[in-house]
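Dear colleague,

Please have a look at the sequence and the coordinates before you read on.

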Amino acid sequence: MSLFCCPLCGAALSRNGGAYVCPGRHSFDIAKEGYVHLLPPNQKHSALPGDDREMVAARRGFLSKGYYRPLLNTLCCQILSCPVKSPVILDAGCGEGWYTAGVYQALREAGRAPLMAGTDISKFALRTAAKRAKEIEFAVASSFRLPLPGAAADVLLNCFSPLALEEFRRVLKPGGWFLYVVPGPGHLWELKEILYDQPYPNEEKETPYEGFAYQEIVPVDDMITLESREDIQNLFHMTPYAWKTPKSGAERLAELERLTVRISFRVHVFRRTEGTQ
């Protein structure tokens, strides 16, 4: 059986050859890369929702160099503390699957037997994700209409993606872990100094959410050095700065062949509280 359920009727899905099927005979073809499309047309807000091909390529090129390894290591340590031997883990808004695959590998190396799924609305991102980790199920889906049954997941991971709290509460088991990753105040500050005349820090705050109990906020801070123009441009094009930067700032950045920049993240760790819907 699959971790996914039918987006049309809610019944369990199972893999049958080259498709996922439900008892109601709804069928969803599996793409050649290995992901399945579970986003019904009436839930799409554009012809090609989510990150485009260029942004995905930039993120794949940048993350593959290991620049964000400190964040991945922190996520792995947090999820390894979950006492479930075979945890069900959902990465909601998984992008090209770098964190998803890294967490899965860390759990397997620790002798655990995770069941993992990743969802994203970008088919371009999932093409990379599904090829990266064949053992993980990936589906094109909205975080606001997750194709999972209620109380299915032991751990839900959300890195820089929309906060769909109602759905996250629904799919997490009581007592389940929710890891929500956001940029820290000084994230990419040196990059922003080049792009903008008056950069400002990201807001840092602790926000309680109904149905979740705060456990801790784990800071991840480091300095990285990008040694090539390609890496600098990949970082730029995988961020929202790529489409809201003045031309003069983009031109200044294009001249650089080396850049030392701080990375800063905050991992907000929650537990799903008992008896809430």
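Below are the notes, beginning with the chain as a whole and ending with one residue.

Please bear in mind throughout that this is a predicted model. The secondary structure of the chain consists of 8 helices and 11 strands. The radius of gyration is 19 Å, close to the 19 Å that the globule rule gives for 277 residues, so the chain is as compact as a globular protein of that length. Taken along the principal axes, the box filled by the C-alpha atoms is roughly 60 × 40 × 35 Å.

As to the interior and the surface, 52% of the 277 residues are buried, while the accessible surface comes to about 13200 Å², with 50% of that area belonging to carbon and sulfur atoms. Where contacts link residues at least 6 apart in sequence, 70% of them join residues at least 24 apart. The chain carries 32 positive and 31 negative side chains, and the centres of these two sets lie 6 Å apart.

The residue I would point you to is Arg-59, which lies in helix H1, spanning residues 53–63. Arg-59 has a relative accessible area of 13%, and because this is under 20%, the residue counts as buried. Leaving aside residues up to four places away in sequence, Arg-59 touches Asp-51, Glu-96 and Met-238. Ser-81, by contrast, is 22 residues from Arg-59 along the chain, and the C-alpha atoms of the two are separated by 28 Å.

Key: Residues numbered from 1 in each chain as written. Predicted model: local features only at pLDDT ≥ 70, side-chain atom pairs only at ≥ 80, totals over all residues. Heavy atoms only, no water. Helix = DSSP H or I, 4+ residues; strand = E, 2+ residues; numbered from the N terminus. Rg over C-alpha atoms; globule rule 2.2 N^0.38 Å. Buried < 20%, exposed > 50% of the residue type's maximum accessible area, 1.4 Å probe, protein only. Contact = heavy atoms within 4.5 Å. Areas by Shrake-Rupley, 256 points an atom, 1.4 Å probe, with all protein chains shown as cover. Lys, Arg positive; Asp, Glu negative; His and termini not counted. Charge placed at Lys NZ, Arg CZ, Asp CG, Glu CD.
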